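Here is a quick tour of one model, written for someone who already has it open on screen. Have a look at the chains first, then read on.

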Amino acid sequence: MFSYALKRLGLSVAIVSLAMLLLFSMIYLVPGDPAAVALGPRATDAMREALRIKMGLDQPVWVQFWNFFTGAWTGDLGREVLSDRPVAQVVMEQLPYTLALIAGGISWSVAIGIPLGCWAAVKRGSWADRIVGVLSVAVIAVPSFVIAIYALLVFAVSLRWLPAIGAGEPGDLGDQLTHLILPSLAVGLGWIGYIARMVRASMLEVLEAQHIRTARAFGLPENLITFRYALTIAILPTVTLLGVGIGQMLSSAVFAEIVFARPGVGKLVYDAILTRNYPLVTGAVLVTTVLFVLINLLADLIVGALDPRVRSRL
Amino acid sequence: MSEAVSNPPSMAQRLRLGDIWKATRRVLREPLGAFGLILVLVMIGGAVFADWLTAYEPNKISPRDRFQGPSLDHLLGTDHLGRDLFTRVLHGGRIALWVALFSTAISLSIGIVLGLIAGYGPRWLDNLMLLLFDSIKSFPTVMLALALVTLAGPSLTAVVIVVVLVNVPGYARIIRTQTLALKESEFVTAAQSMGASSARILRVHVMPNVIGPLLILASMDIPVVIAIEAGMSFLGLGVRPPTPSWGAILNDGFTAIRDTPWIAIAGGLPIILTTLGFTFLGETLRDVFDPRLKGRG
Amino acid sequence: MTVLSITDLNVFFSTEGGDLHALRDVSFDVPERRIVGIVGESGCGKSTLINAILGLLADNGRVGGGGIHFEGHDLTRLGPKEMQALRGPRIATVFQDPMGALNPVVSVGAQMRNIQYRSGLSRSEKDAKSVAILQKVRIPDAGAALARYPHEFSGGMKQRIAIAMALLMEPALLIADEPTTALDATLEVATIELLKELQQDIGCSVLFISHHLGVIAELCDDVVVMYAGEVVERGTTRQVFNNPGHPYAARLLECDPARQSERVRLLPTIPGEIPDLRHRPEGCIFAPRCDRRAPACEARQSELPLQTGHMARCALAEARS
């Protein structure tokens, strides 16, 4: 158990370090002087030089990298250019909004996708199965930002059922949840399809297993067989899939945050790019990467918790 | 020498005109496949014959005609600069199609080379490349795009690079798996024992066997490519104005969504129809030709 | 008293290449408290027979004539609900593969409780019953075993747990589908002994499927020899083993390694393959592989009695009474 966890953790650290190296070289390779780019065309030479020294750009490359690297691991992501606040603090302020959005997306996809896939598998070959199949493919195919805009148009602008912009009043949970419905649906809709397909496929496989035949031979009720004996095994690959899919959900979250004018890391990075606030871009991308790696780790642990076979191997 | 060794029929040998017709008929027999094929053909036709299909210029600004709703004159209405949206959608199809074909071709070439190296090369290189593929593939696409545009500035080239980065790991992985399997197979071992060089074995024996499944996968990835182009253009990270792109039209529409919703509808509709069309077609193609790939994704 | 009586059972599967006649005119009885062995090569229809008895034929399968009589019911005419009510409490099954037969993510105790869901007992009463039967099949520390998962047990233990589960509800009929094939020789003997002991204890009848003639001879009172979905010979174990009436049964016995009187370099085999069941020949099904083929084999074969309770489906078999 210990060695597996250690290996898994080591891999995570390696991926994050690699991301740091890539980000650093990317910023380093940006054509032109980052200080000049950050300050814009109207800055004086003296201002540029001051910023260069402040950003540590006058030091040799490897010193710059080392400072970046050690700083990042200790939570110091530098200061952002515009307001001079610590990048880590700015990103952390926005992170809960993005996490809520992704959690919402996962909730939609799990709450609808798993029953749908399960139903399709049990009714295999029927019209219901075929319709679920086509719908799954359709929602996977259509990009989330188109879904976001159409959802905005229909439910917020035309029907006025749900709020169009923002994240809701701070402290008012009900209001925040209403504001979450449309963006999280835009993030999660495609995943309803992914999960329905995945659950259907693995359900079909599990339902063929010998132990299901045994359970039937003991006359166990079909509901017990489907939900307790088959589904608990069939959702395991789905958990892993969700872990990997977090990357895609983060992508969708960027669009959802922009379309619904929600605060969040995605919107932060987007705005930072438009204002050429490079330390903020690097910091936010790095935090996203760590988040992503952590969620994958979590997905593995959840699989472990759900599957006694894996649990004992850990 | 190695011609004497029995070689399974390659994709190149199998693809004759009659077979293509037969394949089309099999796809058409599936309602979903027929629907997909029609959507795709309409999209391609619209892009290719755009100049003949409308009387308007895609970038011609006409302040008198701005913000007009859909009518017989302007099928999808006009935007904030009075440009005919139908015309811009048709021309946007050209951009989408060009990016799809061009970047898929590049991704395929790079993916094939990397996959062959990983599959045929030494073990450590294989492991290293796998780690790299997995890291890139799992990284949020938009973050990748945003970081890249920071570096290179918004352009169509940036879009192509993002698509290549996103697609290559998947293709390389398929090629690698197939290469590993083929490496052990009898006809490759036989060719090796007759002293054929690695390059020759790859070209003559391995390539023809892996190219078929790869092309099907590539065709299934086309909707993803179209989504990336539209998405980046929507964020202003792709094509520069005034070049017509579906994503850019969608962005124009998003800005004015409360007053002139038809602009957003005009931008989103072709994206939805095209991604659906290619996806339905790709799924049918895969089911018809290579049921083995069914588990993927 | 007969517990299970199968009469002229026919089972078909619809396939792309036409209907497959998987079982033809299968008849035999399982008397009370007796162990009946079914023997035959793989593909002879053993599994189809079990599935037909249990009412678990695949979607493309159907019973096309004949009956399966059990405790006053014709199982071929029962609805799914009534059939489900019999499976478990009255007819229990032990399957071949102990590794795959138990659910990997449900604890042994929960699986055994679930089997008793119709018993009306409380949770602790169910667990007490489970522990009692687990002790009977000699699972060490049976109380703690309930909380454990199947992968924590060895293959032999898993098979004993599967047997315990099958006998938990004290069924009238136990179907054992090659329960020892996946086990090694020592475990096989122990499992056979255990099965025999429990059968006498509970007083149930057993339908024991195996391709291992040694096990059949050791365990069974009666034998049914199947070939290509037909019963070619049946009788008491002694009758069939000592005086096989059907050439197929005779060849099968000759080919059994345990019966070779001297060391041979190559074990004898029966040349040829099982015919395509989509196109059954009208005459004897074994004729194409039979070295005693005669003109009489072209006609449809019926079961000829050789002795009381011993019959063979062969035109050349002669009564010996």
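How are H5(A) and H12(A) set to each other: roughly parallel, roughly perpendicular, roughly antiparallel or oblique? This is a predicted model, where local features need pLDDT of at least 70 and side-chain atom pairs count only at pLDDT 80 or more, while totals for chains, interfaces and linings use all residues. Residues are numbered from 1 along each chain as its sequence is written, with chains lettered from A and ligands numbered from 1 in the order in which they are written.

Now for that helix pair. The axes of helix H5 (residues 87–122) and helix H12 (residues 265–274) of chain A come within 7 Å and cross at roughly 130 degrees. H5(A) and H12(A) are therefore oblique to each other. Angles under 35 degrees count as roughly parallel, over 145 as roughly antiparallel, 65 to 115 as roughly perpendicular, and the rest as oblique. The axes are lines fitted to C-alpha atoms, for helices over the stretch in contact, and the angles run from 0 to 180 degrees between N-to-C directions. On the H5(A) side the contact uses A:Val91, A:Gln94, A:Leu95 and A:Thr98, and on the H12(A) side A:Val265, A:Gly266 and A:Leu268. Contact here asks for C-beta atoms, placed from the backbone, that lie within 7 Å. Those residues split into four nonpolar, three polar and no charged. In this scheme Ala, Val, Leu, Ile, Met, Phe, Trp, Tyr, Cys and Pro are nonpolar, Asp, Glu, Lys and Arg are charged, and the others, Gly among them, are polar.

A second pair in chain A is H7 with H8, and the crossing of H7(A) and H8(A) is right-handed. For handedness, the near helix is turned from the far one by less than a right angle, anticlockwise for left-handed and clockwise for right-handed. H7(A) and H8(A) are therefore oblique to each other too. From H7(A), residues including A:Ile147, A:Ala151 and A:Phe155 meet residues of H8(A), among them A:Leu182, A:Ala186 and A:Leu189. By class this contact has twelve nonpolar, two polar and no charged residues. Side by side, the pairs look like this:

| Helix pair | Axes come within | Crossing angle |
|---|---|---|
| H5(A) and H12(A) | 7 Å | roughly 130 degrees |
| H7(A) (residues 144–158) and H8(A) (residues 173–207) | 9 Å | roughly 140 degrees |

Stepping back, chain A comes to 14 helices and zero strands. Helices (H or I, at least four residues) and strands (E, at least two) are DSSP runs, numbered from the N terminus. The C-alpha trace of chain A spans about 85 × 55 × 35 Å along its principal axes. Of its 314 residues, 43% count as buried. Buried takes 20 or more other C-beta atoms within 10 Å of a residue's own, exposed takes 12 or fewer, and partly exposed is in between, with C-beta atoms placed from the backbone. Among contacts in chain A between residues at least 6 apart in sequence, 71% join residues at least 24 apart.

Chain C brings a sheet. Eight strands make an open, mixed sheet in the order S7-S8-S9-S3-S10-S11-S13-S12 (chain C), with S7 (91–94) and S12 (304–307) at the edges. Pairing takes at least two DSSP bridges between two strands. On average, neighbouring strands are turned by 20 degrees against each other, direction ignored. S11 (residues 230–236) and S13 (residues 310–312) of chain C pair in the antiparallel sense over two bridges, and C:Arg234 stands opposite C:Met311 in S13(C).

How do the chains meet? The contact between chains A and C takes 20 residues from chain A and 22 residues from chain C. H9(A) supplies the largest share of chain A's side, seven residues. Chains B and C do not touch, their nearest C-alpha atoms being 18 Å apart.

One last stop is B:Arg64, in the loop between helix H4 (50–53) and helix H5 (85–120) of chain B. B:Arg64 counts as exposed because it has 7 C-beta neighbours inside 10 Å.

Note on methods: Contact = placed C-beta atoms within 7 Å.
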